[in-house]
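Here is a friendly note to read alongside the structure. Please keep the view open as you go through the points.

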Amino acid sequence: SGAGLAVSITGIAGPGGSEFKPEGRVCFGLAITGQATATETVEFGAPGRDKVRAAARDHALALLEAALEPQAAP
């Protein structure tokens with residue numbers, strides 16, 4: 001796409017899940033041009049599909065916001 005910054009989300013919002021992919025487990029990826037792609041997995045628990053989706057959205061936006069903040073000079 002030519003984008004310099006991208007975030008991705010995948011996971012199990014619910015209902016359901018399994019022993020290996022429990023409800024509320026969400027994985028994030030953050031790609032920035034010129035940097036290694038960062039990944040993380042967050043366990044939001046099982047508060048329900050809508051709450052997991054909202055928490056995942058908020059977390060992804062926080063990742064983007066942090067990536068856009070100017071870095072402090074050493």
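The numbered points below go from the sheet and helix to the core, the aromatic pair and one arginine.

1. A word on the source before you start: this is a predicted model. Residue numbers count from 1 along the chain as its sequence is written.

2. Begin with the sheet. It is open, has 3 strands in the order E1-E2-E3, and its pairing is antiparallel. Strand E1 (5-11) and E3 are the edge strands, each pairing on one side only. From one strand to the next, the twist averages 20 degrees.

3. Now look at where E1 meets E2. These two strands run antiparallel and are joined by 7 bridges.

4. Next comes the helix. H1 lies across E1, E2 and E3, and it runs at about 20 degrees to E2.

5. Which residues make up the largest nonpolar core? There are 8 in all: Ala-13, Val-26, Phe-28, Val-42, Val-52, Ala-56, Ala-60 and Leu-63. E2 and H1 are the elements that give two or more residues to this core, and H1 provides the largest share, with 4 residues.

6. Val-42, one of the core residues, is worth a click. Leaving aside residues up to four places away in sequence, Val-42 touches Gly-24, Arg-25, Val-26, Phe-28 and His-59.

7. The structure holds 1 aromatic pair. The ring centres of Phe-28 and Phe-44 are 6.5 Å apart and their planes stand at 80 degrees; because an angle over 60 counts as edge-to-face, that is how this pair is classed. The two partners come from distant parts of the chain, 16 residues apart: Phe-28 sits in strand E2 (residues 25-32), while Phe-44 is in the loop between strand E3 (38-43) and helix H1 (49-68).

8. Finally, visit Arg-57, which is found in helix H1. Its relative accessibility is 46%, so Arg-57 counts as partly exposed. The side chain of Arg-57 makes a polar contact with the side chain of Asp-58, at 2.9 Å. As for Ala-36, 21 residues away along the chain, its C-alpha atom is separated from that of Arg-57 by 22 Å.

Methods
Predicted model: local features only at pLDDT ≥ 70, side-chain atom pairs only at ≥ 80, totals over all residues. Heavy atoms only, no water. Phe/Tyr/Trp six-rings, centres within 6.5 Å; stacked < 30°, edge-to-face > 60°. Core = buried A, V, L, I, M, F, W, Y, C linked by side-chain atoms within 4.5 Å. Buried < 20%, exposed > 50% of the residue type's maximum accessible area, 1.4 Å probe, protein only. Contact = heavy atoms within 4.5 Å. Pairing = 2+ DSSP bridges. Axes fitted to C-alpha atoms, helices over the stretch in contact; angles between N-to-C directions. Polar contact = N/O pair within 3.5 Å; in protein donor to acceptor, adjacent residues only side chain to side chain.
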